[in-house]
Amino acid sequence: MRHWLLPLLFAPLLTACVNDGATYEINGAEHSLSLIREQPLFWDKTVNLSLAVARMPDCLRRHSIGPGTANTKVEIYRVPSGAFIVRAGKRMYATETQTCEGWAKMDGEPDDVEITLIGTFRVKNDKLVFVKEDDEEKKRK
C-alpha cells in the first residue's frame, strides 16, 4: 500500500471530532460570551466545554464549564447587576464582564434575584449556534 493513502483512510475518523464554538454578542463582537467545545479523542463521546468571557480590549478569560456531550445545551441568564449565570445541565456558574475574572460555581438558582434567560447555545443543523430567547423572555425567580 502506498504511504500517501494512509492519511486518507483516517480522514473519516477525524471528522467525527468536535472542535467548534459559537458567540453571544452582548454589545458587539468585542463584548461577548463564547462557548467552546473540544473533543480531544474522536472515539470519546465526552467534549470539554469552556466559556470565553470578553470585553475587549480590557479583558478576556476562558473558564472551564467541564465535560458534556456534543449536544449539551448551555443556557445564559442575565442578572439585574449585569452579571451572567451559565447553566450546563445541572451545573451553574456566575460570571461577569467587568474584569472577566469572576467565575464561581453555584449550588443552584439564586433565591432572591430575578434572572432572565437571554438565550441558549445548542446544536442546530449539526452546527453549534447561540439562539436568543424571543421577545417574551422567560424570567425565573
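This is a predicted model: local features need pLDDT of at least 70, side-chain atom pairs count only at pLDDT 80 or more; totals for chains, interfaces and linings use all residues.

A second, separate core of 7 residues includes Tyr 77, Met 106, Ile 115 and Leu 117.

The largest nonpolar core has 23 residues, and the members that touch the most other members are Tyr 24, Leu 33, Ile 65, Val 74, Ile 76 and Phe 121. At least two residues of this core come from each of the strands E1 (19–25), E2 (31–38), E3 (47–55), E4 (59–68), E5 (74–78), E6 (84–88), E9 (115–124) and E10 (127–132). Strand E3 gives the largest share, with 4 residues.

| Residue | Strand | Relative accessible area |
|---|---|---|
| Ser 34 | E2 | 15% |
| Val 86 | E6 | 1% |

Ser 34 counts as buried because its relative accessibility is 15%, which is under the 20% limit used for that term. The side chain of Ser 34 makes a polar contact of 2.8 Å with the side chain of Thr 23. If residues up to four places away in sequence are not counted, Ser 34 touches Ala 22, Thr 23, Ser 50, Leu 51, Ala 52 and Phe 121.

Val 86 is likewise buried, with a relative accessible area of 1%. Not counting residues up to four places away in sequence, Val 86 touches Leu 51, Ile 65, Val 74, Glu 75, Ile 76, Arg 91, Met 92, Tyr 93, Thr 95 and Trp 103.

How do E3 and E4 pair, and over how many bridges? Their pairing is antiparallel and runs over 9 bridges, and the two strands form a hairpin with 3 residues between them. Within this pairing, Ala 54 has Leu 60 in E4 as its bridge partner.

The structure also holds 1 disulfide. A disulfide is a covalent bond between the sulfur atoms of two cysteines. Here the bond joins Cys 59 to Cys 100, with an S to S distance of 2.1 Å, and the link is right-handed, with 45° about the S-S bond. The two cysteines belong to distant parts of the chain, 41 residues apart, for Cys 59 lies in strand E4 and Cys 100 in the loop between strand E7 (91–95) and strand E8 (103–106). Both Cys 59 and Cys 100 are buried.

Taken as a whole, the protein has 1 helix and 11 strands, and along the sequence these follow the pattern α-β-β-β-β-β-β-β-β-β-β-β. Of its 141 residues, 38% count as buried. Among contacts between residues at least 6 apart in sequence, 44% join residues that are at least 24 apart. The protein exposes about 9000 Å², of which carbon and sulfur atoms supply 51%.

Definitions and conventions. Residues are numbered from 1 along each chain as its sequence is written. Side-chain values use heavy atoms; hydrogens and water are left out. A nonpolar core is a set of buried Ala, Val, Leu, Ile, Met, Phe, Trp, Tyr and Cys residues joined through side-chain atoms within 4.5 Å. Buried means under 20% relative accessible area, exposed over 50%, partly exposed in between (1.4 Å probe, protein chains only). A polar contact is a pair of N or O atoms within 3.5 Å; within protein, one must be able to donate a hydrogen and the other to accept it, and residues adjacent in sequence count only if both atoms are side-chain atoms. Contact means heavy atoms within 4.5 Å. Accessible areas come from the Shrake-Rupley method with a 1.4 Å probe; for residues, only the protein chains shown count as cover. Two strands pair if DSSP finds at least two bridges between them. A disulfide is a pair of cysteine sulfur atoms within 2.5 Å.
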